[in-house]
Amino acid sequence: MDNDIKNLEARFNEDIKNAVTAQDIEFLRVRYLGRKSSLNDLFAGIVSLNKEEKARAGRNLNILKQKITSCLDEKLKGSQSSEEKFDLTFPASSGDKGSLHILSRVNQEICAIFERLGFDIIEGAEIEDEWHNFTALNFPGDHPSRDAFDTFYLNIPPVDPEKGKHLLRCHTSPSQIRVMEENKPPLAVISPGRVYRPDEVDATHSFMFHQIEGFAVDREINFSHLKGVLFYFAREFFSGDARLRFRPHFFPFTEPSAEVDVSCFKCSGNVRGEKKCSVCKGKGWLEILGCGMIHPHVLEFCGIDSSKYQGFAFGMGVERPAMLKYGIDDIRLFTENDVKFLEQF
Ligand code: PHE
């Protein structure tokens, strides 16, 4: 009997350590003090003991019962007071809120600038065909960028064999064709989206990046309209005193064509020589886009009379201006989804 009492006490001491909630404690009260408890069994066994043992066992069992009762009461009080510490009426914290990806923000910012000038936003298709990506944009049949080294072709049968193979568009210019095929001028359209090129990935190149295409078609559109629109954009996006530089260039779908540089928004082109500006690397200019007057062939391919209508077009990347403006030095950061990077913006 003495041993049974000791064992029961040891078991109780173990169980009470693990009891946390009021419910756990009530469960133990039933187990250790209830009608079917071992303690009760031991009390019942007293009758079979001799007189001396009876007295000792009775005393020890009563002491244990007392201990268990006060131990359970104590613990219950503790658990209630810790529960009372929760103020259930306190407003919940909202937790971590998500936010727009920095590229989406820059994309929206750029589109909004052109929207203020009256441009409509139309998304093109990421899966294109050779007709829209090349032919209707006046690329000759043997142009090197049609090569599989420069374009991702898709291994699926063409829907319309006359439109050629399917591919992932390598620029947003096919949006021009899509819009002009289905709409009559006057047109002023911005078309943002993803483009794909089989480039080796490094700090400034990726096989997928974003571009924004812009174009306008109407009677008597000329190069000065293009300059005016791009000038407004540069002053809104980069800096209020931005200057532009047009360098002659070649694109099959524009004539004449130009590449455009904006004066460095950090040093305004004034920091040259030894103290190289961290943004323009001392050049004073940042290359931002390609543009030109839409080639008459392109208008004709889309059924627009090039003797009556003219248009201008431009195309710019999104990653590069975002990197320049926000001091991001590696293009891979945009797609790695590291929250520590993303939540800075
Ligand atoms: N599509 C050209 C590129 O990806 C950019 C461009 C668009 C140039 C429109 C002229 C007119 O480089």
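Here are a few notes on one helix residue and on the ligand site.

1. First, the ground rules. This is a predicted model, where local features need pLDDT of at least 70, side-chain atom pairs count only at pLDDT 80 or more, and totals for chains, interfaces and linings use all residues. Residues are numbered from 1 along each chain as its sequence is written, and side-chain values use heavy atoms, with hydrogens and water left out.

2. Let's start with Leu-76, which sits in helix 4, residues 51–84 (helices are DSSP runs of H or I, at least four residues, and strands are runs of E, at least two, numbered from the N terminus). Leu-76 counts as buried because its relative accessibility is 17% (buried means under 20% relative accessible area, exposed over 50%, partly exposed in between, with a 1.4 Å probe and protein chains only).

3. Who are its partners? Leaving aside residues up to four places away in sequence, Leu-76 touches Ala-22, Ile-25, Glu-26 and Arg-29 (contact means heavy atoms within 4.5 Å). Val-20 is 56 residues away in sequence, yet its C-alpha is 8.8 Å from that of Leu-76.

4. Now the ligand. It is surrounded by 14 residues, with His-171, Ser-173, Arg-197, Gln-211 and Gly-315 the closest (a residue counts if one of its heavy atoms lies within 4 Å). Strand 9 (310–317) is one of the strands that each supply at least two shell residues, and strand 9 gives the most, three.

5. As for polar contacts (pairs of N or O atoms within 3.5 Å; within protein, one must be able to donate a hydrogen and the other to accept it, and residues adjacent in sequence count only if both atoms are side-chain atoms), the His-171 side chain has an N or O atom 3.1 Å from a ligand nitrogen. A ligand oxygen is 3.0 Å from a side-chain N or O atom of Gln-211.
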